[in-house]
Structures are given as structure tokens and as C-alpha cells.
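Reader: I would like to learn how to read the features of a protein model one at a time, with the general idea placed before the particular case. Could we go through it together, slowly?

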Amino acid sequence: MRNESLEVNGVRQVFHVAGRGPYCVVHSGGPGLGWAYLRSPELEERFTMVYLEPVGTGGSGRLPAEDYRLATYARFLGAVVDHLGTEPVYVLGHSFGGFVAQTYTLEHRDRVAGLILYSTSPYAGQEFWEAGMAGLDAHPQRHPDVPEAAAVPGLFRAALAAVTDGDDVLSRAFAAAVPVYFADFWARREEFANFRTALRMYAVPAGAGDPAPFDVRDRLGELTMPTVVIAGRHDFLAGPVWAQQLADGIPGARPVILESSGHFGHLEQPGAFAEAAARIID
């Protein structure tokens with residue numbers, strides 16, 4: 001893997017390049033979540049993966065809190081796409097990164113060879129969050145034999161409140177709540193222990209928010225490039241319902257449901273995830 005950077009209006013944008021094949025530019029979730037959780041060695045066998053460190057995280061530059069907006073993230077993503085050359089590239093967006101990918105692509109369709117929309121949605125308004133919180137509160141019932149599961153909804157809400165407490169506190173709070181993002185974290189807790197401890201969240205972008213709720217449902221028909229939509233069957237936040245909205249709205253989109261995954265299918269079912277994503281170049 002090689003590490004590179006460029007400047008966007010004087011602000012540093014770091015990215016990491018690994019793999020072989022056509023370029024696939026990757027935007028991670030959050031906002032405020034460090035990029036490394038999303039690395040996929042399996043996809044590096046199919047694509048030259050270009051993993052962005054979103055502005056406000058890691059080694060990338062920092063902005064005033066009011067500047068962490070979808071349009072800003074899309075602009076930084078676009079700067080990396082342009083840096084890679086004149087040929088269109090593939091774009092993969094996970095969770096919030098899927099909002100960024102859609103925002104960028106709708107304004108720069110000629111620069112995107114294809115989209116991989118992963119554990120994301122075309123909409124993030126009140127209905128989206130209410131459904132997500134209902135899924136969160138159902139977590140203990142899904143794991144009645146696991147005493148720790150009962151604490152997860154409270155830990156998740158504590159993580160939402162920790163955005164004012166700094167990067168270290170937020171990172172620990174998010175890690176404590178992370179089991180809700182998996183189909184069955186408890187059965188595989190040793191396997192995912194290192195992932196959990198390595199998670200890094202950055203408080204300022206995580207707490208910034210965008211004043212306008214994300215909603216591109218009425219524009220999905222403009223996304224005419226090849227598109228794969230991937231979701232985990234047990235994703236409490238951006239699961240099959242939202243994936244189906246994307247697939248129904250994007251012409252020719254190919255939906256894939258990972259039956260044994262939650263929000264992190266690239267970890268829970270890495271082979272199936274890579275096969276699904278690679279359909280975009282089949």
C-alpha cells in the first residue's frame with residue numbers, strides 16, 4: 001500500500017492506494033469514522049483501491065465545524081478522482097460514505113464508471129432514523145441469551161452524546177456500541193476484537209451534521225452508470241428496505257443482500273461481499 005496526499009484549497013487530503021485493476025475510490029462512513037475499518041484485501045484483488053481519509057480524520061486536514069457538509073466531502077472526493085487521471089473511476093461509498101458517493105456522482109456522472117453503494121440509503125431523514133432506532137432497541141431481543149446485549153441501546157445513545165467529549169472518549173464509546181452493527185457480534189467477538197479496539201472516531205466531523213437532511217430519491221433515475229447495491233440482512237440502520245429503494249430508483253441497479261451480515265458485510269462475509277462488488281465489472 002502506498003500513501004499519498006494532495007491539497008484542496010490549501011487543505012490536505014490523504015489517501016491510500018492498494019491493489020490491481022481499475023481504480024475504485026472509497027469513501028468510509030461516519031461522518032468522523034477513520035478509514036481503515038473499510039479496507040478490503042479481497043477487493044484489492046479486483047480493483048486498485050483508493051481509500052480516502054475523509055477530511056477531518058486521520059492525517060487529512062481539519063475544517064471549521066460548519067464546513068463538514070456533504071457538499072464538502074463530495075468536493076474532496078472529486079479532487080482525488082481528478083488527481084487519478086482523466087478516465088472515469090469506480091466509486092464505493094459505505095454508509096454515510098454512500099451519501100457522499102451519490103452526492104458527488106449526481107453532479108459528475110461523466111467521472112464515474114460505476115457505483116458500489118454499500119450499507120447505505122438514498123434518504124436519511126426522520127423516517128430513516130426512527131427505523132434505525134427501532135432496530136437498535138430490538139438488539140437485546142435478537143440476542144436474549146447474551147447478557148451484554150441488553151446494554152447496547154444505551155451504549156449507542158451514549159456514543160451519540162459523546163461527540164462533545166473529544167476523539168478518545170468518542171472512539172471508546174463507539175467501540176462499546178459496535179456490536180449492534182453486526183449480525184451476531186457475540187458469536188464472533190474474538191474474531192472482531194481487534195477491529196473493535198482499532199476503531200477511531202473524530203469528534204468534530206462526527207458532531208457537525210448537515211442542516212439539510214440527505215434525500216436524493218427523486219434523482220436516482222439520473223444514475224445511469226452500472227451500479228451494485230449491497231446490504232446486510234441484519235443491518236439495523238441501512239438494511240434491505242433502503243437498499244431496495246436504491247435498487248428500484250437506479251436504472252439497472254443490481255441489489256445484493258448478504259444474508260449473514262449486518263452493517264459490516266466486508267468483515268462478516270468478505271468473500272461474498274467482494275463477489276457482489278465485483279459484479280460491477282463482470
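Reader: Let me begin inside the protein: what volume does the largest cavity have?

Author: Please keep in mind throughout that this is a predicted model. The general idea is that a cavity is a space where a probe fits but cannot get out. In this structure the largest cavity has a volume of about 30 Å³, and the count of cavities of 30 Å³ or more comes to one.

Reader: Which residues line the largest cavity, and how do they divide by class?

Author: The lining consists of Val26, Leu38, Ser40, Leu43, Met49, Leu92, His266 and Phe273. By class, six residues of this lining are nonpolar and two are polar, with no charged residues.

Reader: What volume does the largest pocket have, and which residues lie nearest its centre?

Author: A pocket, unlike a cavity, is an open set of points. The largest pocket here has a volume of about 910 Å³, and it is lined by 41 residues, of which Gly30, Pro31, Trp129, Leu160 and Ala206 lie nearest the centre. The lining of the largest pocket divides into 29 nonpolar, 10 polar and two charged residues.

Reader: Which helices supply at least two residues of that lining, and where does the largest share come from?

Author: Helices H1 (70-84), H2 (96-107), H3 (126-137), H5 (152-161), H6 (167-177) and H8 (203-208) each supply at least two residues of the lining of the largest pocket. The largest share, four residues, comes from H8.

Reader: What volume does the second largest pocket have, and which residues line it?

Author: The second largest pocket has a volume of about 180 Å³, and its lining is made up of Arg69, Leu70, Ala71, Thr103, Leu106, Glu107, Asp210, Ala212, Pro213, Phe214, Val216 and Arg219. The elements that give two or more residues to this lining are H1 and H2, and H2 gives the most, with three residues. By class, the lining of the second largest pocket has seven nonpolar, one polar and four charged residues.

Reader: Turning to the sheet, in what order do the strands lie, and which are the edge strands?

Author: In general, the strands of a sheet pair through backbone hydrogen bonds, either parallel or antiparallel. Here there is an open sheet of eight strands with mixed pairing, in the order E1-E2-E4-E3-E5-E6-E7-E8. Its edge strands are E1 and E8 (254-258), each of which pairs on one side only, while the twist averages 20° from one strand to the next.

Reader: How many bridges pair E1 with E2, and how many residues lie between them in the hairpin?

Author: Strand E1 (residues 2-8) pairs with E2 in the antiparallel sense over seven bridges, and Val8 stands opposite Val11 in E2. The two strands form a hairpin with two residues between them, where Asn9 in the turn has a positive phi of about 50°. Strand E2 (residues 11-19) is mostly covered, with seven of its nine residues buried.

Reader: Which strands pair with E4, in the antiparallel sense or parallel?

Author: E2 and E4 (residues 48-53) pair in the antiparallel sense over six bridges, with Thr48 in E4 as the bridge partner of Gly19. Strand E3 (residues 23-27), by contrast, runs parallel to E4 and is joined to E4 by four bridges; Tyr23 stands opposite Thr48 in E4.

Reader: What is Glu44 in contact with, leaving aside its neighbours within four places in sequence?

Author: Glu44 is in contact with Met1, Ala18, Gly19, Arg20, Arg39, Met49 and Tyr51. One of these, Met49, also belongs to the lining of the largest cavity.

Notes
Residues numbered from 1 in each chain as written. Predicted model: local features only at pLDDT ≥ 70, side-chain atom pairs only at ≥ 80, totals over all residues. Heavy atoms only, no water. Buried < 20%, exposed > 50% of the residue type's maximum accessible area, 1.4 Å probe, protein only. Pairing = 2+ DSSP bridges. 1 Å grid on protein atoms, 1.4 Å probe; cavity = no way out; pocket = protein on both sides within 12 Å on 5 of 7 lines; lining within 4 Å. Points joined across faces, edges and corners; volume = space filled by probe spheres on them. Nonpolar A, V, L, I, M, F, W, Y, C, P; charged D, E, K, R; others polar. Axes fitted to C-alpha atoms, helices over the stretch in contact; angles between N-to-C directions. Contact = heavy atoms within 4.5 Å.
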